[in-house]
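Work through the exercises below with the sequence and the coordinates at hand. Each task is followed by a stepwise solution.

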Amino acid sequence: MEVKRDENGVIMPIRTYSAEAEGVHPKKSFNAVVKSRDINAVANGGADYETDEAAAQGSTKAIGSEEIAKARSVLNDYIASKKSYDVRYKNNFDTYNLLYTDNDKPKKYKSEDGSIRNELIPKRLGGQTLNVIMNKHADLMDNFPEPVFLPRARDDEETAKILNSVMPCVLERNGFLQVYSDVNTDKLVGGTGAYAVVWNGKKDNGVGNVEICKADILSLFWEPFIEDIQDSRNVFYVRLYDLEEVKEMYPQLEDVSSSTMGLENYRTYDNSNKENGKAAVIDWYYKKNGVLHFVKFCGEKVLEATENEPEKYPNGLYNHGLYPFFLDPLFKLRDTPAGFSFVDICRSCQSNLDELKRDILKNIKVNSQTRSIINSNAGLNIADLNDLSKDFIEAQSVENATKPFETKDIAAGALNMYNALINEIKETTGTNDASNGAGSAGVTSGSAIAALQEAGGKISRDINKSGYHIFTEICSCIIELMRQFYTLPRFYRITGEDNKTEYIDFDNSQLMKQQTDESGQIFDRMPIFDIKVKAQKASPFATAASNEMMMNLYKLGFFNPQNADSALIALEGMSFEGKTKVEEMIKKNQTLEQTVQELYNKNQMMSEMLANKEAVNQNPMQARNNAVMNGGVAV
C-alpha cells in the first residue's frame, strides 16, 4: 500500500497491482474504468479478470460452458417476455424526441394517380405531452431528495451525525444530481427509471468507492410475473461493444463474433439495426441460498464468476445479497416491477388533438386562398388571368367562363373541441394552471402562489414520495457497501457547525458489529439506521413563502423572549419545514432572558447592599447616636 497527497494536500492511500504477480493484463486491468458511467465497468466491484483459461474454464469450476448455455436460454426467455414492454418503452421515447416532425417526414407524397404532390399540412406531433413531462420533471428537481440518518441506538448517534455529513459528499462525487435527472426523464417518458448502485474498486486512486449511475431499462432483464426485481431468480444486464473494443478489453477472448439479440435498445426509429458488428457482453446476477453471485461472459467464454473464486468472494459479490438495481416506476403495473408513463396516458388524446389541429390548419389554408373553376370552352388563358399587368384578356366566351370555388368553413364547435382536448391533457396529468402557480388576477404573494402550487400538485407529491422510497433503498445499499468495503479511511470535506469547512476521515469501524454489555452478558450489535428523506425545496415561490412566514412570526412577537411560553404553545399545533430549529431558538432566547433577569436581580440586590455599607462607613458617629437614642448601647 502506498500513499500520496491529493490537490488539497490530504494523504490518500493508493492500492497498487502487479500485473505479473496477479496474472492481470497490464493494459486491460479493468480497462473499462474509462467508462465510469458504464454499469458493466463497475458491476464486478473493480476485480481484475482471470486470464488463465484453464483456471477460468476448468472442469472443477462451478461456472463453465454448460452453465453459460443454460443462462443464455434463460436470458432469451426473459427477452421474449419483456419484448412488448420494451417496444412500448422505445416508442414512448420516439414520441418524446418528436422524431416524426416535418424534418423527418417527407413533405411530398404519392397520390392515387402516381404523381408526386406536396403535403398541404405536414403531420407533426404537438408539444402538449412534452410540456407535461417538462413540468413534472421540474417538480421533481425542485424537490431533490436529501437523506437524514437517525440511529436506532444511543451508541450510534455520533455515527449517524457523521453519515449525515458524508452521504451528501458521496452523492455529489457521483454526480447524483445529473443521475437523478436522467433517471426521472426515463421514468416520466418510458414509465420506469433504473438506478445501479455498485462498488467501483478503481475509484479514489485505487482505494475504491461507491458508484451510482443510471441503468438502461432496455438492457435490463428479469424473471417474468414478479413485481419486485429482488424476487427474480436471475437478473441480466446486456451491453454491446465494437468487436475491436471487446478484444482490447478482454484479450483472453480468442475469437469474438458479432451477435444479434434483437434488443429494442438498439433499434432506431427507421427500424435499422445497430447491433451489426457488435459483440454482447452480459452481466449475469443470480441468488443461491440468499447469496448474490455474479458472472460476466461473452459468447461461451466466462470472463469472471464469483463462484469460481470462493476464496475471493466467500459471501458472494456483495454482503447485502441484493441485486444492485433499483427500479423506480411512475405508475405501477401488475406482475412486473415496471410501470407506464405520461406519454401512455396522453397518447390517445394527443393523437386526436394533433389530427384536429391539422384539419383546422388545412381548412384555414384552403379558405385563405382564392380559387376558381374555369370553363375550358371559354378559351381563357390561365397565365393571362394570373398576369395582373395585362389590361385585356382574350376569351371566346365570357358567360360562365369562371366560377369561384366554394369551400366550407370549419365545423361549428371544432375550436371548442380543440381547447377541450388541451384541458383534458392538463386535468388528466395534473398540469393545470393551479399546479403552475397561476390563479385569479391579483395573486402576487409568494405564500399564495406556493399555496396554489401545493393545492394543484397532488400528483407531483405522490410521484415524489414513490421516488423517495427508492432513494431510501439506495442510501441503505450505500451504507451496506461502506460496511463491507470501507476498510481504509476515505477523506471528505464537509460543512461543520457554524458553516465552517471541516475535513474528516471515515471508515467502516463504526459500521461493523459492536459489542455491548447488557445485564452482564456480551452481545454483538450491528449499527442500524433509519433513513428519513426530506426535500431540498428549490422553488423560488417556496423560498418566498418560507421567508414570508418567518416575517409574520416575527411581527406577531414569536421571537420576543417575553412571549416564549405562548409562542411555543402556538408552534405545537403548527407544521412547517424547520419547525424544530425555530422551537430551539425560542427556547434558547427564553433561557437567555431568564438568565439575564436573574443576573439583573442579583445585581440590584448587590447594589443595595453596597450602598447601605457605604452609608454606614461614611457616618459612624451618626449610626452610634441613633443606636443610643433607640435605647441601645453604643460601642
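This is a predicted model, in which local features need pLDDT of at least 70, side-chain atom pairs count only at pLDDT 80 or more, and totals for chains, interfaces and linings use all residues. Residues are numbered from 1 along each chain as its sequence is written, and side-chain values use heavy atoms, with hydrogens and water left out.

**Exercise 1.** Describe the pairing of strand β11 with strand β10.

Step 1. Strands are DSSP runs (E, at least two residues; helices are H or I, at least four), numbered from the N terminus. Two strands pair if DSSP finds at least two bridges between them.
Step 2. β10 (residues 278-288) and β11 run antiparallel and are joined by eight bridges. Lysine 288 has valine 291 in β11 as its bridge partner.
Step 3. The two strands form a hairpin with two residues between them, and asparagine 289 in the turn has a positive phi of about 55 degrees.

**Exercise 2.** Describe the pairing of β11 with strand β12.

Step 1. Four bridges join β11 to β12 (residues 301-305), and the strands run antiparallel. Phenylalanine 297 has its bridge partner, valine 302, in β12.
Step 2. This hairpin also has two residues between its strands; glycine 299 takes a positive phi near 65 degrees.

**Exercise 3.** Why is β11 largely enclosed by the rest of the structure?

Step 1. Buried means under 20% relative accessible area, exposed over 50%, and partly exposed in between (1.4 Å probe, protein chains only).
Step 2. β11 (residues 291-298) is largely enclosed because seven of its eight residues are buried.
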